[in-house]
Amino acid sequence: MFTPPAPGNWSAMNGGAATTYDLFDAVLLDRDGTLVEDVPYNGDPEKVRPLPGAREALDRLRAAGLRLGVVTNQSGLAKGLFTTDQMRAVHARIEELLGPFDDWQICPHDDGDGCGCRKPAPGMVHAAAAALGTSPGRCVMVGDIGRDMTAALAAGATGILVPTPVTRPEEVAAAPHVARDLPAAVDEILRRQAAVRPTAPRRAGTVLVVRSDSAGDVLVTGPAIRAVAAGARRVVLLCGPRGRAAAELLPGVDEIVEWPLPWIDGDPAPVDPDDVRALTARLTAVGADEAVVFTSFHQSALPLALLLRLAGVGRISAISDDYPGSLLDVRHKVPVGVPEPERALSLAAAAGFGLPVGEEPTLRVEAPPTALPAGPYVVVHPGASVPARACPPERWVEIVAGLTASGHRVVVTGGPVETVLTSRVAAAGGTDLGGRTGLAELAGVLAGASCVVVGNTGPAHLAAAVGVPVVSLFAPTVPFGQWAPYRVPLVRLGDAAAPCRDSRATRCPVPGHPCLTAGVDPAEVVAAVHLLTTGIRR
């Protein structure tokens, strides 16, 4: 891989110190089919045709202070179909028509060369981020095919797919985010950038933050809770029993109030008037000046908002599509499909709280280290809290056997109720830690791994919180772009277009559970682990 010199506008846009936090520093773009018409193996500048609206869209990104890079596979060099000088002439013409780019990354290899730069390998995304003085997590990759999205996710970057007639339907289904064209992709980038930035930053005394749900839900709310903590004297977190262990690991929380809420819990007890009165009294005792109520899209913040009003809380912020009357002071709305951490961050911003400059919006936990024998290992976590998101046990057995045969040391993890499953799976060649770790100890085990193979369940978000790459066996019952492990290197496997797609089902509605049975090939899992641990596609 090499980087031809190109003039850029980075220094001109970065003359002063940053004063506000931004999600993204840079936008990386595929060349053919994204910026310009796809002319196979083009070495002729006269054939360069920008796609409609590309120049205006790029100028909007430049005006917003975002650096721009191009990452492009050019196997025509390896095939001898054009020369380096001809390619540079094409790129000079692109810059003449579309304006300057701050970096160009080109892979000159062919598919069989086994390099780490040719997309879907993540090498060029890493190289572009380094050249632009940032990290992949602060980059957005915009491209027109699945290879672009795989490279972005494997590097830990955000991916936005702009389909063209050559984009396969399965690539569209698997993409984390889809935009109709480049201008629409830019709209989404700038919207997300603005959504987490408070327009009126505030300071506060005691703030009650609420996320009454499972451990994974609490973990993905962590960045927003840290944003509130940055502007509050004291933060009290109201959570449910299923989220308590995760709440105890979150930075920025001064006190935890554990209380099951029957309008939130998936398996609720009947509403008890005495319990509601006791909860209202407990909320009163917190003495909160204000509250920020975080919920999932299908949950309502209004029942709790009523109790908070009765408890004397003077200012309440929440996401609500329903008319709140006088229950909310800040009624926030969020588009469908936004990553859950950003959805929560946008509510915090609407309430006046933002992460300070230099604080990344990644998931984080404070957990004690868990000692494991020396040497690299891969964690396989076969369980899932929702049955529809669980890979069948026999497939997990095949995955562990495949990883072991490829030379990986495998550690199998699971909760106390999953010991039968973990024992069966570990018998294929792994070390069984099922039922032997609490959530804090599990965080330590995950932190020491080179990679984690897991479904869409709490430990996937825990892996993200300790910064470990994830092979995500993701059932499409919920949107991948909303619930994928956030801002860590990632490979998605599973049939993204299965009939259960977007059904929100908790139990598989399709006989045979095809999305995670036929849709997951153990050999692909082994290849994904190799990609995330070496950066090279087999």
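Trainee: Two strands pair if DSSP finds at least two bridges between them. With that in mind, which residue stands opposite Glu258 in E8?

Mentor: That's Cys239. Keep in mind that this is a predicted model. Cys239 falls in strand E7, which covers residues 232–239.

Trainee: How many bridges do E7 and E8 share, and in what sense do they pair?

Mentor: Four bridges, in the parallel sense.

Trainee: And which helices pack around there?

Mentor: Helix H10, residues 222–231, lies across strand E6 (204–210) and E7, and the angle between H10 and E7 is about 150 degrees. Helix H13 (residues 302–310) also packs on the sheet, where its contacts are E6, E7, strand E9 (290–293) and strand E10 (315–319). The direction of H13 makes about 175 degrees with that of E10.

Trainee: Zooming out, what's the strand order in that sheet?

Mentor: The order is E8-E7-E6-E9-E10-E11, an open sheet of six strands with parallel pairing. At the edges stand E8 (255–258) and E11 (330–332); each has a single partner strand, so one side of each lacks a neighbour in the sheet. From one strand to the next, the twist averages 15 degrees.

Trainee: Switching topic: strand E15. Is it buried or exposed?

Mentor: Buried. Five of the five residues in E15 (451–455) are buried, so the strand is largely enclosed by the rest of the structure.

Trainee: Which residues sit on which side?

Mentor: Cys451, Val453 and Gly455 are on one side, with Val452 and Val454 on the other, and all of them are buried.

Trainee: Which strands does E15 bridge to?

Mentor: Strand E12 (residues 378–381) runs parallel to E15 and is joined to it by four bridges; Val380 has Val453 as its bridge partner there. Strand E16 (residues 470–473) also runs parallel to E15, again with four bridges, and Ser472 in E16 is the partner of Val454.

Trainee: What does the chain make with E15, H18 and E16?

Mentor: A right-handed β-α-β unit, with helix H18 covering residues 458–465.

Trainee: Okay, pockets. How much space lies in the largest one?

Mentor: About 1300 Å³. The lining has 38 residues, and Ser214, Arg242, Ser385, Val386 and Thr457 lie nearest the centre.

Trainee: Which helices supply at least two residues of that lining?

Mentor: H18 does, and so do helix H9 (215–220) and helix H17 (439–447).

Trainee: I also flagged Thr72. Where is that, and is it buried or exposed?

Mentor: Thr72 belongs to strand E2, residues 67–73. Its relative accessibility is 1%, so Thr72 is buried, the cut-off being under 20%.

Trainee: What is Thr72 in contact with, beyond its sequence neighbours?

Mentor: Leaving out anything within four places in sequence, Thr72 contacts Arg31, Asp32, Gln105, Ile106, Cys107, Lys119 and Met124.

Trainee: Last one: where is Ile536 found?

Mentor: In the segment after helix H20, which spans 522–534. Ile536 is partly exposed, having a relative accessible area of 32%.

Trainee: What does Ile536 touch?

Mentor: Not counting residues up to four places away in sequence, Ile536 touches Gly114, Cys115, Gly116, His530 and Leu531. Cys115 is worth a look in your viewer: Ile536 and Cys115 are 421 residues apart along the chain, while their C-alpha atoms are separated by 6.3 Å.

Terms used:
Residues numbered from 1 in each chain as written. Predicted model: local features only at pLDDT ≥ 70, side-chain atom pairs only at ≥ 80, totals over all residues. Heavy atoms only, no water. Axes fitted to C-alpha atoms, helices over the stretch in contact; angles between N-to-C directions. Contact = heavy atoms within 4.5 Å. Buried < 20%, exposed > 50% of the residue type's maximum accessible area, 1.4 Å probe, protein only. Right-handed = clockwise from strand over helix to strand, strands pointing away. 1 Å grid on protein atoms, 1.4 Å probe; cavity = no way out; pocket = protein on both sides within 12 Å on 5 of 7 lines; lining within 4 Å. Points joined across faces, edges and corners; volume = space filled by probe spheres on them.
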